[in-house]
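Keep the sequence and the coordinates open while you work through them.

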Amino acid sequence: MIGNDWDQKLDVIWNSPGFQKFYKMIMAEYDKKTIYPPKDYIFNALKLTSYKDTKVVIVGQDPYHGEHQAHGLSFSVQKGVKLPPSLQNIYKELESDLGIPPRTDGDLTGWAKQGVLMLNAVLTVEKDKAASHRNLGWEPMTDYIIKLLNKKDEPVVFILWGNFAKEKAKLITNSNHYIIISPHPSPFSAYSGFFGSKPFSKTNEFLISKKMQPIDWSL
């Protein structure tokens, strides 16, 4: 389904009767309603960032539910789409943290290709209905992905923004890894500790300390 090492890593998920039943139900939803992201982008985060290459994880809640926004990467939107407020604030913090000017587009594929797994906990959503696919069946799979990454010997940085993502910290028990927790970049919480949290420089400092290639956050 993915085309890299995630296929083998998630084999137990793909072949489980529960997931197969759930996935057929999701595909049926695409036939009846407007569901985002497009089918080909559901597993985009895994396709762009293999298990072996993952060194940073940014956990999101569920895809954007507006037209043309979601393309399978947490917090990212397709080129040509107006920047959502949370992403605008991410860019503001990036400029404050590392001096990187805000980009005009919101496509974060360049991060994903460097080993930043941009994982939403829920991978699909109905148009204009935020969190509409929560608790349908995606969470056991995405929690399993985090548990698999927790088993890696190579260090991984887990960036958890907001209370929802913070809940995933209990799945990260390996002392090799580094967890960065702050409020969500949403306008409702960004001024409560997201701004000034310096997640980008902290990530790179940790990677460099482990003799790993830092992320070029300007891409």
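A residue is called buried when its relative accessible area is under 20%, exposed when that area is over 50%, and partly exposed in between, using a 1.4 Å probe and protein chains only. The model is predicted, so local features need pLDDT of at least 70 and side-chain atom pairs count only at pLDDT 80 or more, while totals for chains, interfaces and linings use all residues. Residues are numbered from 1 along each chain as its sequence is written, and side-chain values use heavy atoms, with hydrogens and water left out.

**Exercise 1.** Determine how the two faces of strand β5 are covered, and which strands pair with β5.

Solution. Helices (H or I, at least four residues) and strands (E, at least two) are DSSP runs numbered from the N terminus. In a regular strand, side chains alternate between the two faces of the sheet. In β5, V157, I159 and W161 lie on one side and F158 and L160 on the other, and all of them are buried. Because 5 of the 5 residues of β5 are buried, the strand is largely enclosed by the rest of the structure. Next comes the pairing, which requires that DSSP find at least two bridges between two strands. β5 pairs with β2 in the parallel sense over 4 bridges, with I58 opposite I159. β5 also pairs with β6 in the parallel sense, over 5 bridges, and here V157 stands opposite Y178.

**Exercise 2.** List the buried residues of helix α9 and identify elements that cover them.

Solution. Within α9 (residues 199–209), the buried residues are P199, F200, S201, T203, N204, F206 and L207. Their cover includes β2, α5, α6 (109–112), β5 (157–161) and β6 (178–182). After the helix comes K211, whose phi is positive, near 60°.

**Exercise 3.** Locate S76, decide whether S76 is buried or exposed, and describe its surroundings.

Solution. S76 belongs to the loop between β2 (56–60) and α5 (85–98). Its relative accessibility is 0%, and S76 therefore counts as buried. If neighbours within four places in sequence are set aside, S76 is in contact (heavy atoms within 4.5 Å) with Y64, Q69, H71, G106, D107 and L108. With H71 there is also a polar contact between the two side chains, at 2.6 Å; such a contact is a pair of N or O atoms within 3.5 Å, where, within protein, one must be able to donate a hydrogen and the other to accept it, and residues adjacent in sequence count only if both atoms are side-chain atoms.
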